[in-house]
Structures are given as structure tokens and as C-alpha cells.
Amino acid sequence: MNIKILGSGCKNCVALERNTREALAAMDLAAEVTKVTDYPTIASYGIMKTPGLVVDEQVIVSGRVPKPAEIKELLTALA
Amino acid sequence: MTTTTTSQRPLALRLALGALTWAGLYALNEMLWDALFVSWLGLDLTDRWAGAAHFFLYDVTKILLLLAGMIFAIGMLRTTLRPERVRAFLEDKPLAVALLLAALLGAVTPFCSCSSIPLFIGFVGAGIPLAVTLTFLIASPLVNEVAVVLLADTFGLANTIAYVAAGLTAAVTIGAILSRFRLDRWVEPFVFQTAVGRLQSAGTRPTLRDRVDAAKEETADIFGRVWKWVLLGVGIGAVIHGWVPTEFFAQYAGPGNPFAVIVATLAGIPLYANAAGVIPIAEALWTKGMALGTVMSFMMATVALSLPEAILLKQVLKPRLLAIFFGSVAAAIVLIGLTFNAFA
């Protein structure tokens, strides 16, 4: 599973990365988490409100910070 | 069907209880602080320090209550209004309609300046005209629910309507003027080269539960960003209330002084705050005799023109266009201030 956190480094993006890592740890799931901070790439995913959560090149969440429990649910549905 | 209604009933009940509690707190706010200061602590509110402390606590409580309540209520109503939807509204419309819509949508869309770059690329890269995008970016910080609610509370309904009308008119007019020039060449080329993706939206109607969850998230998000500005703004306001002589500003910044409008606009640029922080200061300036138009210019410049915003936009706009953009917004703000002073 390939996970990307989209955002230029604002508070919400940091929170999203933390929650995602928390969810992954709770699920005992190995996934590569990378941060995408350059705007052209962020825009190429169609995101206009950061942060964004991308799993295997699919935008799962954008414009808000989901709780670890919600990320867990979303990831379980995709795994 | 029955399961959803039964699971939603307690939620509706909780919402109603929450609304009642909120209204009760709001109504009791002044009484509680009066009781604490006068009856329990035996302080004299005409004393400078006691008066300032009382004003600070009362005003902070009032503004934070107003903000939490309004952001939550409006958050529930606009769950579905995301930038992607806004862009879809603006696409393939005649310029005049698109400008008008951009100003209105800018006013009602939740927006944080940290998102202005992805939004700019998302709009312009998808073919929304530059002028329409700039109109959206002007209207968005200038007119929003936080500003409207606080303005109505401190300056009254008529002044609030005038502020909103002036802000929207400025945004549309600047967009209309800028659309007459070929400004695209002063946008960083990568914006046009970006292949802007499209998010698929699930076309489902949000349930009450979805709306409440989204509103909660939004309230926490905006409230978390804004509360410190409220403390700072009311703090400065309290100092002005307590220590600046009455009619001080009437002398230097009364309606007859057009120069004061320019100074107020320039003073607002390095100050970076949102409406929640600047309105308590504006109210204090107003009660000390500053002319209404001058106060309006100061407020508008603080929320609409800011250095952090300029630094962000510098990534997508070349210096020349950035200067044109900021210059025309500043000019519009000065013009609004002068007009208010002439007619108010």
C-alpha cells in the first residue's frame, strides 16, 4: 500500500500524517507514507483544499483531517 | 428507514439542547460578569482597570460564543459547498455572471489563506479566467460569516449590509477591470501547465449525522485558528477603551480627514488578523471617535491585504501582477472608506 499526504506543511497536514501513521500502527499494516509538498503535484490530484490523503494514487480524503479511527475504516475498505 | 429515524432523533434532540444552552449562556453573559465584578468582588466598573478587565472578559466570552454558534450553524448548512463544487458553478459562465458568482461564492465558502495556492492552481489550471479567480480571492477573506456576525453585533445591521455590499462590489469591479487586460503572462507558467485532476464526488445527500460531524470538524478547525486572535483583538480593544481619551480619534481621524483613510489602509497591511481579531479593535476605534469609513478601511485592509498572503501568492503570480492585485484592492479599500465618510 502506497500512501501520500498532500499539503504544503500547514498544521492540518502534520495532523493528517500523524493520524495516518497512528491508524497504520493500530492496524499493524506496512505501508509507505510519503509527503507531497509541491503545489503542481498537489493540484494534479484535483485537490483544492489541503490536506489530502492519497492511497494507491486515489484521493481518499481532502480538505479535512479525519480521525485515526476513520482512516482505519477507510484503509480497511481498500486493503 | 426506521433505523435511521430512530438513530437521528436523539441527535436532533441533542442539537436542540445545545442550541438552548448556547442561547442561555449568551443571554446570561453580561449578567454573570456584572455579578462577579460588582456583587462578589465589590469592584467599581468606572475604575479603569476593573472596567477594562470586565470589558475583556465579557467581550471575549461573547465573541467566542458567537463564533462557535455561528460557525457550527453555517457549517451544517454548507456541508456540500467545497471548492470543487464552486469551480463547477463557475465553469462556462459568461464573464459578468462568473464574476458575480465568484464574489458571492467567495463570501460563503469556508476558506483559509493556507489553501489559496492549491485553490488558485485548481481554478486557473482548469480554465477559470484569471480575473474570476482573483475576484474569488478578494471576496473570500473580506466577506465571510465571521465578519458578518461580529459586524452586525458591534456596528449594527445597516452598517453590516453596507460593508458586505461594498466588499462584494469591490471584488466584482476589480475582477471586471482586470479582465480587460492580458494578465495571464504574469502568472507563473507552471500554473497553466499543471494537469489539474478532477475529484469524483459521490452525489449523495448528506444526512443530519454527516452535517453535524462536518460542522463539528469545521468549528474545531476555525475556532482553533481564531481564538488567539480574539484574545489579542479584544485585549487591544480594552486598552483603547480604557486609556485612549474619548474623542481622541475624532480629532485626528474624523470624517473630514481623507488622509486618515489612507493611513488606516496602510496601517492594516502589516497587521495580519482575521475579522474576529480586528473587529473588537475597530469597535474601540469607532467609539473613540474615528470616522466609520476610516474604521471600515482599517478593517478591510487588515483582513484582505496581508503580507503572509502576498508571500503565498508570490509563488503563482509574478511580482508585477502581485503589485497590480494588491494595489487595486488597496485603492478600492481607500475608495470605500472615503465614500462611507462622505455619505454616512
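The structure described here is a predicted model. In that model, Asp56(A) has 11 other C-beta atoms within 10 Å and is therefore exposed. Asp56(A) is placed in the loop that joins strand 3 to strand 4 of chain A. Although Asp56(A) is not a glycine, its phi is positive, at about 45°.

A second residue with these features occurs in chain B. Asp92(B), which is likewise not a glycine, has a positive phi near 55°. The residue belongs to the loop between helix 3 (83-90) and helix 4 of chain B. With 8 other C-beta atoms within 10 Å, Asp92(B) is exposed.

Chain A also contains a cis peptide bond, which runs from Thr50(A) to Pro51(A) and has omega near 0°. Pro51(A) is part of the loop between helix 2 and strand 3 (52-55) of chain A.

The two chains touch through 16 residues of chain A and 20 residues of chain B. On the chain A side, helix 2 (39-44) and strand 4 (58-62) each contribute at least two residues. Helix 2 of chain A supplies the most, with five residues. Sorted by class, the side of chain A that touches chain B comprises nine nonpolar, five polar and two charged residues.

Within chain B, two helix pairs were examined. The crossing of helix 4 of chain B past helix 6 of chain B is right-handed. Helix 4 of chain B takes part in the contact through Ala98(B), Leu99(B), Ala102(B), Ala103(B), Leu105(B), Gly106(B) and Ala107(B), while helix 6 of chain B provides Ala131(B), Val132(B), Thr135(B), Phe136(B), Ala139(B) and Ser140(B). This contact of helix 4 with helix 6 of chain B has 10 nonpolar and three polar residues, and no charged ones.

The second pair is formed by helix 12 (residues 258-268) and helix 16 (residues 319-343) of chain B, with axes that come within 9 Å and cross at roughly 140°. Helix 12 and helix 16 of chain B are therefore oblique to each other. Helix 12 of chain B passes helix 16 of chain B in a crossing that is right-handed. From helix 12 of chain B, the residues Pro258(B), Val261(B), Ile262(B), Ala264(B) and Thr265(B) meet Ala330(B), Ile333(B), Val334(B), Gly337(B), Leu338(B) and Asn341(B) of helix 16 of chain B.

Helix 16 of chain B contains 25 residues and reaches 36 Å from its first C-alpha to its last, close to the 36 Å expected at 1.5 Å a residue. Buried residues of helix 16 of chain B include Leu321(B), Phe325(B), Val329(B), Ala330(B), Ile333(B), Val334(B), Gly337(B), Phe340(B) and Asn341(B). The buried residues of helix 16 of chain B pack against helix 6 (130-142), helix 8 (157-178), helix 12 and helix 14 (292-304) of chain B.

Note on methods: Residues are numbered from 1 along each chain as its sequence is written. Chains are lettered from A and ligands numbered from 1 in the order in which they are written. This is a predicted model: local features need pLDDT of at least 70, side-chain atom pairs count only at pLDDT 80 or more; totals for chains, interfaces and linings use all residues. Axes are lines fitted to C-alpha atoms, for helices over the stretch in contact, and angles run from 0 to 180 degrees between N-to-C directions. Helices (H or I, at least four residues) and strands (E, at least two) are DSSP runs, numbered from the N terminus. Angles under 35 degrees count as roughly parallel, over 145 as roughly antiparallel, 65 to 115 as roughly perpendicular and the rest as oblique. A crossing is left-handed if the near helix is turned anticlockwise from the far one by less than a right angle, and right-handed if clockwise. Two residues are in contact if their C-beta atoms, placed from the backbone, lie within 7 Å. The expected span of a helix is 1.5 Å times one less than its number of residues. A residue is buried if 20 or more other C-beta atoms lie within 10 Å of its own, exposed if 12 or fewer, and partly exposed in between; C-beta atoms are placed from the backbone. Ala, Val, Leu, Ile, Met, Phe, Trp, Tyr, Cys and Pro count as nonpolar, Asp, Glu, Lys and Arg as charged, and the others, Gly among them, as polar.
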